[in-house]
Number of protein chains: 2
Amino acid sequence: MVKQGDSAGTSGSSATLQFSVDRGSPVPLYFQLAQQLEAAIEQGKLAPGSLLGNEIELAGRLGLSRPTVRQAIQSLVDKGLLVRRRGVGTQVVHSQVKRPLELSSLYDDLEAAGQQPATRVLHYAVEPATATVAAALGVPEGSDVLFVERLRLAHGEPMAHLRNHLPSGLLTLGSAELERTGLYRLLRGAGITLHSARQTVGARAATAEEAAQLAEPQGAPLLTMERTTFDDTGRAIEFGSHVYRASRYAFEFQLLVRP
Amino acid sequence: MVKQGDSAGTSGSSATLQFSVDRGSPVPLYFQLAQQLEAAIEQGKLAPGSLLGNEIELAGRLGLSRPTVRQAIQSLVDKGLLVRRRGVGTQVVHSQVKRPLELSSLYDDLEAAGQQPATRVLHYAVEPATATVAAALGVPEGSDVLFVERLRLAHGEPMAHLRNHLPSGLLTLGSAELERTGLYRLLRGAGITLHSARQTVGARAATAEEAAQLAEPQGAPLLTMERTTFDDTGRAIEFGSHVYRASRYAFEFQLLVRP
DNA sequence: CAGTGGTCTAGACCACTAG
DNA sequence: TAGTGGTCTAGACCACTGT
(Lines give C-alpha, C1' and ligand atoms only; values in the text may rest on other atoms or scores of the structure.)
Protein backbone atom coordinates (compact mmCIF):
# COMPACT_ATOMS: atom_id res chain seq x y z
CA MET A 1 0.00 0.00 0.00
CA VAL A 2 2.01 2.92 -1.25
CA LYS A 3 0.79 6.28 -0.04
CA GLN A 4 3.13 8.46 -2.00
CA GLY A 5 3.88 7.67 -5.61
CA ASP A 6 3.71 11.06 -7.22
CA SER A 7 4.46 10.70 -10.90
CA ALA A 8 4.22 14.45 -11.16
CA GLY A 9 5.44 16.35 -14.15
CA THR A 10 3.27 14.69 -16.76
CA SER A 11 1.65 17.81 -18.13
CA GLY A 12 -2.02 17.58 -19.00
CA SER A 13 -2.69 15.01 -16.32
CA SER A 14 -4.49 15.85 -13.11
CA ALA A 15 -1.46 14.90 -11.01
CA THR A 16 -0.05 18.38 -11.31
CA LEU A 17 -3.26 20.17 -10.45
CA GLN A 18 -4.12 21.38 -6.98
CA PHE A 19 -7.62 20.65 -5.87
CA SER A 20 -8.85 21.37 -2.39
CA VAL A 21 -12.09 21.31 -0.48
CA ASP A 22 -13.38 23.45 2.33
CA ARG A 23 -15.05 21.34 4.99
CA GLY A 24 -16.48 24.41 6.67
CA SER A 25 -18.44 25.37 3.60
CA PRO A 26 -22.12 24.47 3.34
CA VAL A 27 -21.43 23.45 -0.26
CA PRO A 28 -21.26 19.65 -0.48
CA LEU A 29 -17.74 18.28 -0.83
CA TYR A 30 -18.52 16.34 -4.01
CA PHE A 31 -19.95 19.50 -5.52
CA GLN A 32 -16.89 21.56 -4.65
CA LEU A 33 -14.69 18.99 -6.34
CA ALA A 34 -16.98 18.77 -9.36
CA GLN A 35 -16.85 22.55 -9.78
CA GLN A 36 -13.06 22.57 -9.62
CA LEU A 37 -12.78 19.75 -12.11
CA GLU A 38 -15.22 21.44 -14.45
CA ALA A 39 -13.35 24.72 -14.21
CA ALA A 40 -10.05 22.96 -14.90
CA ILE A 41 -11.54 21.31 -17.98
CA GLU A 42 -13.06 24.54 -19.21
CA GLN A 43 -9.79 26.43 -18.79
CA GLY A 44 -7.87 23.70 -20.57
CA LYS A 45 -5.82 22.84 -17.48
CA LEU A 46 -7.11 19.33 -17.97
CA ALA A 47 -6.40 18.58 -21.60
CA PRO A 48 -8.99 16.70 -23.66
CA GLY A 49 -8.19 13.01 -23.63
CA SER A 50 -6.03 13.23 -20.53
CA LEU A 51 -6.54 10.76 -17.73
CA LEU A 52 -7.91 12.01 -14.46
CA GLY A 53 -5.91 9.63 -12.30
CA ASN A 54 -7.47 6.85 -10.30
CA GLU A 55 -10.21 7.56 -7.83
CA ILE A 56 -8.52 6.15 -4.76
CA GLU A 57 -5.41 8.26 -5.21
CA LEU A 58 -7.49 11.35 -5.88
CA ALA A 59 -9.54 10.66 -2.78
CA GLY A 60 -6.43 10.25 -0.67
CA ARG A 61 -4.90 13.43 -2.00
CA LEU A 62 -8.02 15.41 -1.08
CA GLY A 63 -8.74 13.68 2.18
CA LEU A 64 -12.06 12.45 0.87
CA SER A 65 -13.58 9.01 0.69
CA ARG A 66 -13.80 7.26 -2.64
CA PRO A 67 -17.62 7.38 -2.90
CA THR A 68 -17.51 11.14 -2.51
CA VAL A 69 -14.94 11.48 -5.27
CA ARG A 70 -16.97 9.12 -7.43
CA GLN A 71 -20.05 11.27 -6.90
CA ALA A 72 -18.17 14.30 -8.14
CA ILE A 73 -16.83 12.47 -11.17
CA GLN A 74 -20.21 10.93 -11.93
CA SER A 75 -21.88 14.32 -12.06
CA LEU A 76 -19.43 15.40 -14.75
CA VAL A 77 -19.89 12.14 -16.62
CA ASP A 78 -23.61 12.90 -16.64
CA LYS A 79 -22.84 16.31 -18.08
CA GLY A 80 -20.82 14.66 -20.81
CA LEU A 81 -17.51 16.22 -19.78
CA LEU A 82 -15.84 13.00 -18.69
CA VAL A 83 -15.85 9.43 -19.92
CA ARG A 84 -15.14 6.43 -17.71
CA ARG A 85 -13.72 3.17 -19.04
CA ARG A 86 -13.28 0.22 -16.80
CA GLY A 87 -9.71 -0.96 -16.69
CA VAL A 88 -8.55 2.24 -18.35
CA GLY A 89 -9.47 5.26 -16.33
CA THR A 90 -11.44 8.49 -16.50
CA GLN A 91 -10.71 10.77 -19.44
CA VAL A 92 -11.65 14.28 -20.38
CA VAL A 93 -13.88 14.14 -23.42
CA HIS A 94 -12.41 15.51 -26.65
CA SER A 95 -15.32 17.25 -28.25
CA GLN A 96 -16.86 20.53 -27.33
CA VAL A 97 -19.84 19.76 -25.18
CA LYS A 98 -21.75 22.86 -24.28
CA ARG A 99 -25.15 22.05 -22.86
CA PRO A 100 -27.27 18.95 -23.24
CA LEU A 101 -30.36 20.95 -24.17
CA GLU A 102 -32.26 23.03 -21.71
CA LEU A 103 -35.74 24.33 -21.55
CA SER A 104 -34.62 27.19 -23.68
CA SER A 105 -35.99 30.64 -23.24
CA LEU A 106 -36.00 32.70 -26.40
CA TYR A 107 -35.56 35.85 -24.36
CA ASP A 108 -32.52 34.49 -22.56
CA ASP A 109 -31.05 33.12 -25.77
CA LEU A 110 -31.35 36.46 -27.50
CA GLU A 111 -29.99 38.33 -24.51
CA ALA A 112 -27.00 36.00 -24.27
CA ALA A 113 -26.32 36.62 -27.94
CA GLY A 114 -26.36 40.36 -27.36
CA GLN A 115 -29.42 40.75 -29.53
CA GLN A 116 -31.19 43.33 -27.36
CA PRO A 117 -34.45 41.43 -27.00
CA ALA A 118 -37.72 43.24 -26.54
CA THR A 119 -41.30 42.12 -26.13
CA ARG A 120 -44.56 43.65 -27.28
CA VAL A 121 -47.62 42.23 -25.52
CA LEU A 122 -50.37 42.03 -28.14
CA HIS A 123 -53.03 40.39 -26.05
CA TYR A 124 -53.48 39.65 -22.38
CA ALA A 125 -56.75 38.28 -21.00
CA VAL A 126 -58.35 35.50 -19.03
CA GLU A 127 -60.48 33.43 -21.38
CA PRO A 128 -62.31 30.10 -21.32
CA ALA A 129 -60.12 27.20 -22.45
CA THR A 130 -60.73 25.85 -25.92
CA ALA A 131 -60.74 22.09 -26.46
CA THR A 132 -57.13 22.10 -27.68
CA VAL A 133 -55.86 24.18 -24.79
CA ALA A 134 -57.87 22.23 -22.24
CA ALA A 135 -56.41 18.97 -23.51
CA ALA A 136 -52.86 20.30 -23.46
CA LEU A 137 -53.15 21.71 -19.95
CA GLY A 138 -55.27 18.94 -18.52
CA VAL A 139 -57.98 21.32 -17.31
CA PRO A 140 -61.74 21.24 -17.97
CA GLU A 141 -62.85 22.76 -21.24
CA GLY A 142 -64.14 26.26 -20.67
CA SER A 143 -62.26 26.83 -17.44
CA ASP A 144 -60.38 30.07 -16.93
CA VAL A 145 -57.05 30.29 -18.69
CA LEU A 146 -54.70 33.23 -19.03
CA PHE A 147 -53.99 33.83 -22.69
CA VAL A 148 -50.96 35.91 -23.58
CA GLU A 149 -49.93 36.81 -27.09
CA ARG A 150 -46.54 38.45 -27.61
CA LEU A 151 -44.28 39.61 -30.37
CA ARG A 152 -40.59 39.08 -29.68
CA LEU A 153 -38.13 41.50 -31.24
CA ALA A 154 -34.37 41.57 -31.60
CA HIS A 155 -32.69 44.82 -32.54
CA GLY A 156 -36.17 46.14 -33.19
CA GLU A 157 -36.84 43.45 -35.81
CA PRO A 158 -39.63 40.93 -35.23
CA MET A 159 -38.33 37.43 -34.56
CA ALA A 160 -41.20 35.37 -33.30
CA HIS A 161 -44.86 35.38 -32.46
CA LEU A 162 -45.56 33.71 -29.12
CA ARG A 163 -48.90 32.51 -27.81
CA ASN A 164 -49.10 31.11 -24.29
CA HIS A 165 -51.90 29.65 -22.21
CA LEU A 166 -51.55 29.32 -18.45
CA PRO A 167 -54.01 27.84 -15.96
CA SER A 168 -55.58 30.74 -14.11
CA GLY A 169 -54.53 31.24 -10.51
CA LEU A 170 -51.07 29.76 -10.80
CA LEU A 171 -49.39 33.09 -10.56
CA THR A 172 -50.07 36.77 -10.90
CA LEU A 173 -48.46 37.79 -14.16
CA GLY A 174 -48.41 41.45 -14.98
CA SER A 175 -48.52 42.57 -18.55
CA ALA A 176 -45.75 45.03 -17.74
CA GLU A 177 -43.49 42.30 -16.38
CA LEU A 178 -43.95 40.33 -19.58
CA GLU A 179 -42.59 43.25 -21.56
CA ARG A 180 -39.44 43.32 -19.48
CA THR A 181 -38.31 39.71 -19.39
CA GLY A 182 -39.07 36.14 -20.46
CA LEU A 183 -41.95 33.99 -19.26
CA TYR A 184 -39.75 31.25 -17.90
CA ARG A 185 -37.77 33.65 -15.80
CA LEU A 186 -41.02 34.94 -14.33
CA LEU A 187 -42.19 31.41 -13.58
CA ARG A 188 -38.95 30.48 -11.86
CA GLY A 189 -39.05 33.74 -9.95
CA ALA A 190 -42.52 32.85 -8.73
CA GLY A 191 -41.10 29.72 -7.11
CA ILE A 192 -42.45 27.32 -9.71
CA THR A 193 -40.13 24.39 -10.33
CA LEU A 194 -40.08 23.42 -13.96
CA HIS A 195 -39.61 19.70 -14.37
CA SER A 196 -40.24 18.50 -17.91
CA ALA A 197 -41.71 19.56 -21.20
CA ARG A 198 -43.12 17.94 -24.28
CA GLN A 199 -42.20 19.77 -27.47
CA THR A 200 -43.12 19.50 -31.11
CA VAL A 201 -41.07 21.37 -33.71
CA GLY A 202 -42.31 21.70 -37.27
CA ALA A 203 -42.65 24.12 -40.13
CA ARG A 204 -45.38 25.66 -42.25
CA ALA A 205 -46.09 28.58 -44.52
CA ALA A 206 -46.97 31.94 -43.00
CA THR A 207 -50.57 33.10 -43.11
CA ALA A 208 -51.27 36.62 -44.34
CA GLU A 209 -51.64 37.89 -40.77
CA GLU A 210 -48.46 36.21 -39.56
CA ALA A 211 -46.53 37.47 -42.57
CA ALA A 212 -47.58 41.02 -41.77
CA GLN A 213 -46.72 40.71 -38.07
CA LEU A 214 -43.31 39.20 -38.74
CA ALA A 215 -42.39 41.33 -41.75
CA GLU A 216 -42.08 38.31 -43.99
CA PRO A 217 -43.53 37.75 -47.46
CA GLN A 218 -46.78 35.84 -47.51
CA GLY A 219 -46.26 32.10 -47.64
CA ALA A 220 -42.75 32.38 -46.22
CA PRO A 221 -41.55 29.29 -44.30
CA LEU A 222 -41.97 29.58 -40.55
CA LEU A 223 -40.54 27.39 -37.81
CA THR A 224 -43.22 26.28 -35.36
CA MET A 225 -42.97 25.01 -31.82
CA GLU A 226 -45.65 23.73 -29.47
CA ARG A 227 -44.68 23.07 -25.92
CA THR A 228 -46.39 21.99 -22.73
CA THR A 229 -44.38 22.46 -19.57
CA PHE A 230 -44.95 20.54 -16.35
CA ASP A 231 -43.82 21.05 -12.78
CA ASP A 232 -42.64 18.54 -10.18
CA THR A 233 -46.09 17.30 -9.37
CA GLY A 234 -47.10 16.75 -12.96
CA ARG A 235 -49.34 19.79 -13.20
CA ALA A 236 -49.25 21.51 -16.56
CA ILE A 237 -47.80 24.97 -16.05
CA GLU A 238 -47.97 26.41 -19.51
CA PHE A 239 -48.92 25.60 -23.07
CA GLY A 240 -47.14 27.55 -25.80
CA SER A 241 -47.77 27.72 -29.51
CA HIS A 242 -45.09 29.73 -31.24
CA VAL A 243 -43.91 30.63 -34.73
CA TYR A 244 -40.42 31.86 -35.60
CA ARG A 245 -39.09 33.50 -38.71
CA ALA A 246 -37.13 30.71 -40.36
CA SER A 247 -34.96 33.30 -42.08
CA ARG A 248 -33.81 34.63 -38.73
CA TYR A 249 -33.97 31.78 -36.28
CA ALA A 250 -33.11 28.11 -35.84
CA PHE A 251 -33.03 25.80 -32.85
CA GLU A 252 -29.55 24.70 -31.96
CA PHE A 253 -28.79 22.23 -29.22
CA GLN A 254 -26.45 19.55 -28.03
CA LEU A 255 -27.64 16.23 -26.80
CA LEU A 256 -26.07 13.30 -25.02
CA VAL A 257 -26.74 9.69 -25.79
CA ARG A 258 -28.23 7.82 -22.86
CA PRO A 259 -25.72 5.06 -22.02
CA MET B 1 -33.79 -2.09 15.07
CA VAL B 2 -37.07 -3.42 13.84
CA LYS B 3 -36.77 -5.84 10.95
CA GLN B 4 -40.46 -6.33 10.34
CA GLY B 5 -42.81 -3.38 10.47
CA ASP B 6 -45.10 -3.97 7.53
CA SER B 7 -47.70 -1.25 7.41
CA ALA B 8 -49.31 -3.03 4.49
CA GLY B 9 -52.76 -2.26 3.20
CA THR B 10 -52.28 1.30 1.98
CA SER B 11 -53.14 0.82 -1.66
CA GLY B 12 -51.15 2.79 -4.19
CA SER B 13 -48.16 2.90 -1.92
CA SER B 14 -45.13 0.72 -2.40
CA ALA B 15 -45.73 -1.05 0.88
CA THR B 16 -48.01 -3.58 -0.74
CA LEU B 17 -45.72 -4.36 -3.63
CA GLN B 18 -43.36 -7.27 -3.66
CA PHE B 19 -39.90 -6.46 -4.90
CA SER B 20 -37.09 -8.96 -4.81
CA VAL B 21 -33.54 -9.21 -6.03
CA ASP B 22 -31.51 -12.17 -7.20
CA ARG B 23 -28.02 -12.08 -5.78
CA GLY B 24 -26.89 -14.81 -8.12
CA SER B 25 -27.65 -12.74 -11.17
CA PRO B 26 -24.88 -10.83 -12.89
CA VAL B 27 -27.29 -7.90 -13.17
CA PRO B 28 -26.41 -5.29 -10.53
CA LEU B 29 -28.75 -5.23 -7.57
CA TYR B 30 -29.55 -1.53 -7.94
CA PHE B 31 -30.41 -2.14 -11.57
CA GLN B 32 -32.72 -5.03 -10.75
CA LEU B 33 -34.58 -2.86 -8.28
CA ALA B 34 -34.72 0.05 -10.71
CA GLN B 35 -36.23 -2.19 -13.38
CA GLN B 36 -38.88 -3.47 -11.00
CA LEU B 37 -39.76 0.00 -9.84
CA GLU B 38 -39.96 1.24 -13.41
CA ALA B 39 -42.18 -1.66 -14.40
CA ALA B 40 -44.45 -1.03 -11.42
CA ILE B 41 -44.77 2.61 -12.38
CA GLU B 42 -45.41 1.82 -16.02
CA GLN B 43 -48.09 -0.73 -15.13
CA GLY B 44 -49.76 1.68 -12.75
CA LYS B 45 -49.06 -0.48 -9.72
CA LEU B 46 -47.35 2.55 -8.28
CA ALA B 47 -49.86 5.33 -8.71
CA PRO B 48 -48.71 8.76 -9.81
CA GLY B 49 -48.13 10.94 -6.77
CA SER B 50 -47.84 8.02 -4.41
CA LEU B 51 -44.99 7.89 -1.96
CA LEU B 52 -42.36 5.24 -2.39
CA GLY B 53 -41.75 4.74 1.31
CA ASN B 54 -38.53 5.70 2.98
CA GLU B 55 -35.24 4.36 1.76
CA ILE B 56 -34.14 2.67 4.96
CA GLU B 57 -37.30 0.65 5.27
CA LEU B 58 -37.18 -0.31 1.59
CA ALA B 59 -33.56 -1.36 1.99
CA GLY B 60 -34.39 -3.48 5.02
CA ARG B 61 -37.29 -5.13 3.25
CA LEU B 62 -35.08 -6.14 0.32
CA GLY B 63 -32.01 -7.00 2.34
CA LEU B 64 -30.04 -4.27 0.60
CA SER B 65 -28.00 -1.40 1.95
CA ARG B 66 -29.35 2.09 1.76
CA PRO B 67 -26.78 3.35 -0.80
CA THR B 68 -27.78 0.57 -3.17
CA VAL B 69 -31.44 1.45 -2.87
CA ARG B 70 -30.58 5.11 -3.34
CA GLN B 71 -28.68 4.28 -6.51
CA ALA B 72 -31.74 2.53 -7.90
CA ILE B 73 -34.02 5.41 -6.99
CA GLN B 74 -31.58 7.99 -8.31
CA SER B 75 -31.49 6.34 -11.72
CA LEU B 76 -35.26 6.74 -11.97
CA VAL B 77 -35.07 10.31 -10.74
CA ASP B 78 -32.62 10.97 -13.57
CA LYS B 79 -35.11 9.46 -15.98
CA GLY B 80 -37.77 11.80 -14.64
CA LEU B 81 -40.01 9.04 -13.29
CA LEU B 82 -39.56 9.90 -9.62
CA VAL B 83 -39.20 13.12 -7.65
CA ARG B 84 -37.42 13.37 -4.31
CA ARG B 85 -38.25 16.02 -1.72
CA ARG B 86 -36.30 16.33 1.44
CA GLY B 87 -38.48 15.94 4.48
CA VAL B 88 -41.32 14.59 2.38
CA GLY B 89 -40.32 11.49 0.51
CA THR B 90 -39.99 10.05 -2.95
CA GLN B 91 -43.02 10.35 -5.20
CA VAL B 92 -44.02 8.94 -8.53
CA VAL B 93 -44.25 11.80 -10.99
CA HIS B 94 -47.71 12.66 -12.25
CA SER B 95 -47.14 13.51 -15.85
CA GLN B 96 -46.46 11.19 -18.70
CA VAL B 97 -42.73 11.12 -19.20
CA LYS B 98 -41.78 9.06 -22.20
CA ARG B 99 -38.20 9.66 -23.22
CA PRO B 100 -35.93 12.61 -22.55
CA LEU B 101 -34.92 12.92 -26.18
CA GLU B 102 -32.64 10.45 -27.84
CA LEU B 103 -30.43 10.59 -30.86
CA SER B 104 -33.46 9.82 -32.92
CA SER B 105 -33.28 7.71 -36.00
CA LEU B 106 -35.88 8.55 -38.59
CA TYR B 107 -35.91 4.94 -39.73
CA ASP B 108 -36.56 3.64 -36.24
CA ASP B 109 -39.18 6.29 -35.58
CA LEU B 110 -41.08 5.40 -38.70
CA GLU B 111 -40.79 1.70 -38.03
CA ALA B 112 -42.06 2.12 -34.49
CA ALA B 113 -45.02 4.04 -35.86
CA GLY B 114 -45.80 1.21 -38.24
CA GLN B 115 -45.08 3.41 -41.22
CA GLN B 116 -43.24 0.76 -43.28
CA PRO B 117 -40.09 2.79 -43.88
CA ALA B 118 -38.01 2.30 -46.99
CA THR B 119 -34.84 3.86 -48.27
CA ARG B 120 -33.68 4.67 -51.78
CA VAL B 121 -29.95 5.33 -52.05
CA LEU B 122 -29.53 8.12 -54.60
CA HIS B 123 -25.80 8.59 -54.33
CA TYR B 124 -22.97 6.66 -52.73
CA ALA B 125 -19.34 7.61 -53.30
CA VAL B 126 -16.10 8.58 -51.64
CA GLU B 127 -15.38 12.21 -52.41
CA PRO B 128 -12.98 14.92 -51.24
CA ALA B 129 -14.35 16.90 -48.29
CA THR B 130 -15.66 20.37 -49.03
CA ALA B 131 -14.82 23.19 -46.65
CA THR B 132 -18.17 22.93 -44.88
CA VAL B 133 -17.95 19.18 -44.43
CA ALA B 134 -14.31 19.32 -43.39
CA ALA B 135 -15.13 21.88 -40.71
CA ALA B 136 -18.06 19.86 -39.40
CA LEU B 137 -16.10 16.60 -39.24
CA GLY B 138 -12.82 18.11 -38.12
CA VAL B 139 -10.86 16.55 -40.99
CA PRO B 140 -8.56 18.24 -43.51
CA GLU B 141 -10.27 19.83 -46.48
CA GLY B 142 -10.06 17.58 -49.50
CA SER B 143 -9.59 14.37 -47.49
CA ASP B 144 -11.64 11.32 -48.37
CA VAL B 145 -15.19 11.34 -47.12
CA LEU B 146 -18.01 8.93 -47.82
CA PHE B 147 -20.99 10.85 -49.16
CA VAL B 148 -24.38 9.16 -49.04
CA GLU B 149 -27.59 10.67 -50.33
CA ARG B 150 -30.84 8.91 -49.55
CA LEU B 151 -34.55 9.35 -49.98
CA ARG B 152 -36.61 8.07 -47.07
CA LEU B 153 -40.11 6.81 -47.81
CA ALA B 154 -43.05 5.81 -45.64
CA HIS B 155 -45.87 3.84 -47.17
CA GLY B 156 -44.19 4.50 -50.50
CA GLU B 157 -44.49 8.26 -50.04
CA PRO B 158 -41.32 10.38 -49.81
CA MET B 159 -40.75 11.81 -46.33
CA ALA B 160 -37.26 13.19 -46.25
CA HIS B 161 -34.09 13.74 -48.20
CA LEU B 162 -31.00 12.72 -46.24
CA ARG B 163 -27.42 13.67 -46.98
CA ASN B 164 -24.65 12.20 -44.83
CA HIS B 165 -20.89 12.60 -44.79
CA LEU B 166 -18.71 10.10 -42.94
CA PRO B 167 -14.93 10.12 -42.51
CA SER B 168 -13.57 7.43 -44.79
CA GLY B 169 -12.23 4.30 -43.14
CA LEU B 170 -14.44 4.40 -40.08
CA LEU B 171 -16.54 1.52 -41.25
CA THR B 172 -17.43 -0.43 -44.33
CA LEU B 173 -20.91 0.65 -45.26
CA GLY B 174 -22.59 -1.22 -48.05
CA SER B 175 -25.09 0.56 -50.23
CA ALA B 176 -27.34 -2.47 -49.91
CA GLU B 177 -27.27 -2.33 -46.12
CA LEU B 178 -28.31 1.31 -46.25
CA GLU B 179 -31.43 0.35 -48.18
CA ARG B 180 -32.42 -2.11 -45.48
CA THR B 181 -32.05 -0.16 -42.25
CA GLY B 182 -31.05 3.15 -40.65
CA LEU B 183 -27.57 4.62 -40.50
CA TYR B 184 -27.45 4.79 -36.73
CA ARG B 185 -28.33 1.15 -36.36
CA LEU B 186 -25.47 0.30 -38.71
CA LEU B 187 -23.08 2.45 -36.73
CA ARG B 188 -24.04 0.88 -33.45
CA GLY B 189 -23.79 -2.54 -35.04
CA ALA B 190 -20.25 -1.72 -36.12
CA GLY B 191 -19.31 -1.23 -32.47
CA ILE B 192 -19.20 2.55 -32.62
CA THR B 193 -20.35 4.17 -29.40
CA LEU B 194 -22.35 7.30 -30.04
CA HIS B 195 -21.76 9.87 -27.34
CA SER B 196 -23.14 13.28 -28.25
CA ALA B 197 -24.44 15.31 -31.13
CA ARG B 198 -24.84 18.95 -32.04
CA GLN B 199 -28.05 19.68 -33.91
CA THR B 200 -29.57 22.63 -35.67
CA VAL B 201 -33.22 22.57 -36.65
CA GLY B 202 -34.65 25.20 -38.97
CA ALA B 203 -36.94 25.69 -41.92
CA ARG B 204 -36.76 27.01 -45.46
CA ALA B 205 -38.58 26.89 -48.76
CA ALA B 206 -38.07 23.92 -51.08
CA THR B 207 -35.90 24.35 -54.16
CA ALA B 208 -37.28 23.11 -57.48
CA GLU B 209 -35.21 19.95 -57.26
CA GLU B 210 -36.21 19.20 -53.66
CA ALA B 211 -39.83 19.84 -54.46
CA ALA B 212 -39.71 17.29 -57.25
CA GLN B 213 -37.93 14.69 -55.13
CA LEU B 214 -40.32 15.07 -52.22
CA ALA B 215 -43.52 15.48 -54.23
CA GLU B 216 -44.20 18.89 -52.78
CA PRO B 217 -45.12 22.11 -54.60
CA GLN B 218 -42.22 24.40 -55.31
CA GLY B 219 -41.50 26.78 -52.46
CA ALA B 220 -43.22 24.52 -49.95
CA PRO B 221 -41.94 24.86 -46.38
CA LEU B 222 -39.40 22.20 -45.42
CA LEU B 223 -38.03 21.31 -42.00
CA THR B 224 -34.24 21.16 -41.99
CA MET B 225 -31.83 19.48 -39.63
CA GLU B 226 -28.05 19.52 -39.53
CA ARG B 227 -26.33 17.20 -37.14
CA THR B 228 -22.79 16.24 -36.27
CA THR B 229 -22.42 13.12 -34.16
CA PHE B 230 -19.41 12.35 -31.97
CA ASP B 231 -18.17 9.20 -30.29
CA ASP B 232 -16.63 8.69 -26.85
CA THR B 233 -13.26 10.00 -27.84
CA GLY B 234 -14.60 13.15 -29.45
CA ARG B 235 -14.06 12.04 -33.03
CA ALA B 236 -16.76 13.18 -35.41
CA ILE B 237 -18.56 10.13 -36.70
CA GLU B 238 -21.03 11.61 -39.09
CA PHE B 239 -22.32 14.90 -40.47
CA GLY B 240 -25.87 14.96 -41.73
CA SER B 241 -27.78 17.61 -43.61
CA HIS B 242 -31.42 16.67 -43.99
CA VAL B 243 -34.71 18.10 -45.17
CA TYR B 244 -38.15 16.82 -44.18
CA ARG B 245 -41.55 17.47 -45.66
CA ALA B 246 -43.12 19.81 -43.12
CA SER B 247 -46.55 18.63 -44.21
CA ARG B 248 -45.71 15.10 -43.13
CA TYR B 249 -43.18 15.33 -40.38
CA ALA B 250 -42.38 17.16 -37.17
CA PHE B 251 -39.86 16.58 -34.39
CA GLU B 252 -41.48 15.59 -31.15
CA PHE B 253 -39.57 15.07 -27.96
CA GLN B 254 -39.66 15.26 -24.20
CA LEU B 255 -37.01 16.97 -22.19
CA LEU B 256 -36.14 17.20 -18.54
CA VAL B 257 -35.04 20.32 -16.77
CA ARG B 258 -31.56 20.12 -15.33
CA PRO B 259 -32.00 20.44 -11.55
C1' DC C 1 -40.89 17.27 17.08
C1' DA C 2 -40.35 13.03 14.19
C1' DG C 3 -39.42 11.58 9.65
C1' DT C 4 -37.48 12.28 5.30
C1' DG C 5 -33.77 12.63 1.92
C1' DG C 6 -28.68 14.66 1.43
C1' DT C 7 -24.19 13.81 2.41
C1' DC C 8 -20.17 11.25 3.96
C1' DT C 9 -16.99 7.50 5.63
C1' DA C 10 -13.81 3.33 5.41
C1' DG C 11 -13.62 -0.34 4.16
C1' DA C 12 -14.63 -4.79 0.62
C1' DC C 13 -14.88 -7.81 -3.55
C1' DC C 14 -15.50 -8.15 -8.47
C1' DA C 15 -15.09 -7.45 -13.77
C1' DC C 16 -12.71 -5.57 -17.14
C1' DT C 17 -8.51 -3.78 -19.70
C1' DA C 18 -3.95 -3.49 -20.67
C1' DG C 19 0.82 -4.93 -21.16
C1' DT D 1 -0.50 -9.62 -13.56
C1' DA D 2 -1.45 -5.05 -12.07
C1' DG D 3 -4.45 -1.29 -12.23
C1' DT D 4 -8.83 0.61 -13.22
C1' DG D 5 -13.70 1.54 -12.49
C1' DG D 6 -18.32 -1.02 -10.95
C1' DT D 7 -20.70 -2.51 -7.20
C1' DC D 8 -21.89 -3.12 -2.37
C1' DT D 9 -22.01 -2.75 2.80
C1' DA D 10 -23.18 -0.79 7.53
C1' DG D 11 -22.99 2.44 9.64
C1' DA D 12 -23.07 8.09 10.72
C1' DC D 13 -24.53 13.03 11.07
C1' DC D 14 -26.97 16.86 9.00
C1' DA D 15 -30.76 19.84 6.70
C1' DC D 16 -35.11 20.26 5.55
C1' DT D 17 -40.21 19.41 5.85
C1' DG D 18 -44.35 18.87 8.01
C1' DT D 19 -47.26 18.71 12.29
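The surface near DNA strand C in this predicted model consists, by class, of seven nonpolar, 10 polar and nine charged residues. Near means that a heavy atom of the residue lies within 4 Å of the molecule or strand. In this classification Ala, Val, Leu, Ile, Met, Phe, Trp, Tyr, Cys and Pro are nonpolar, Asp, Glu, Lys and Arg are charged, and the others, Gly among them, are polar. As the model is predicted, local features need pLDDT of at least 70 and side-chain atom pairs count only at pLDDT 80 or more, whereas totals for chains, interfaces and linings use all residues. Residues are numbered from 1 along each chain as its sequence is written, chains are lettered from A and ligands numbered from 1 in the order in which they are written, and side-chain values use heavy atoms, with hydrogens and water left out.

Of the 26 residues around DNA strand C, those that come nearest are A:R23, A:L29, A:S65, A:T68 and B:G87. Among the atoms of DNA strand C that come within 4 Å of the protein, 69% belong to sugar and phosphate. Phosphate oxygens of DNA strand C are approached by polar side-chain atoms of B:R70, at 3.1 Å, and of B:T90, at 3.2 Å. For B:R86, a polar side-chain atom lies 3.4 Å from a sugar or linking oxygen of DNA strand C. Two or more residues of the surface near DNA strand C come from each of α1 (29-42) and α3 (66-79) of chain A, and from each of α3 (66-79), β1 (82-85) and β2 (89-92) of chain B. The element that gives the most to this surface is α3(A), with four residues. Helices (H or I, at least four residues) and strands (E, at least two) are DSSP runs numbered from the N terminus.

DNA strand D is likewise surrounded by 26 residues, and the closest are A:R66, B:R23, B:L29, B:S65 and B:T68. Sugar and phosphate make up 68% of the atoms of DNA strand D that come within 4 Å of the protein. A side-chain N or O atom of B:R23 is 2.5 Å from a phosphate oxygen of DNA strand D. At least two residues each of the surface near DNA strand D are supplied by α3, β1 and β2 of chain A and by α1 (29-42) and α3 of chain B. Here α3(B) gives the most, with four residues. The classes in the surface near DNA strand D are seven nonpolar, 10 polar and nine charged residues.

An unreviewed UniProt entry annotates residues 27-95 of chain A as "domain: HTH gntR-type"; such annotations may be inferred rather than shown by experiment, and their positions are given in the numbering used here, with feature names shortened. The span is 52% helix and 12% strand, and its end C-alpha atoms lie 29 Å apart. Buried residues (under 20% relative accessible area, with a 1.4 Å probe and protein chains only) in α1(A) are A:Q32, A:L33, A:A34, A:L37, A:A40 and A:I41. Their cover includes α2 (55-62), α3, β1 (82-85) and β2 (89-92) of chain A. After α1(A) comes A:G44, with a positive phi near 80 degrees.

Two further residues of chain A lie in strands. A:T229, in strand β7 (residues 221-231), is buried with a relative accessible area of 0%. Its side chain makes polar contacts (N or O pairs within 3.5 Å; within protein, one atom must be able to donate a hydrogen and the other to accept it, and residues adjacent in sequence count only if both atoms are side-chain atoms) with the side chains of A:Y184, at 2.7 Å, and A:E238, at 2.8 Å. A:H242, in strand β8 (residues 236-245), is buried at 6% relative accessible area, and its side chain makes a polar contact of 3.4 Å with the side chain of A:N164.

How values were computed:
Buried < 20%, exposed > 50% of the residue type's maximum accessible area, 1.4 Å probe, protein only. Contact = heavy atoms within 4.5 Å.
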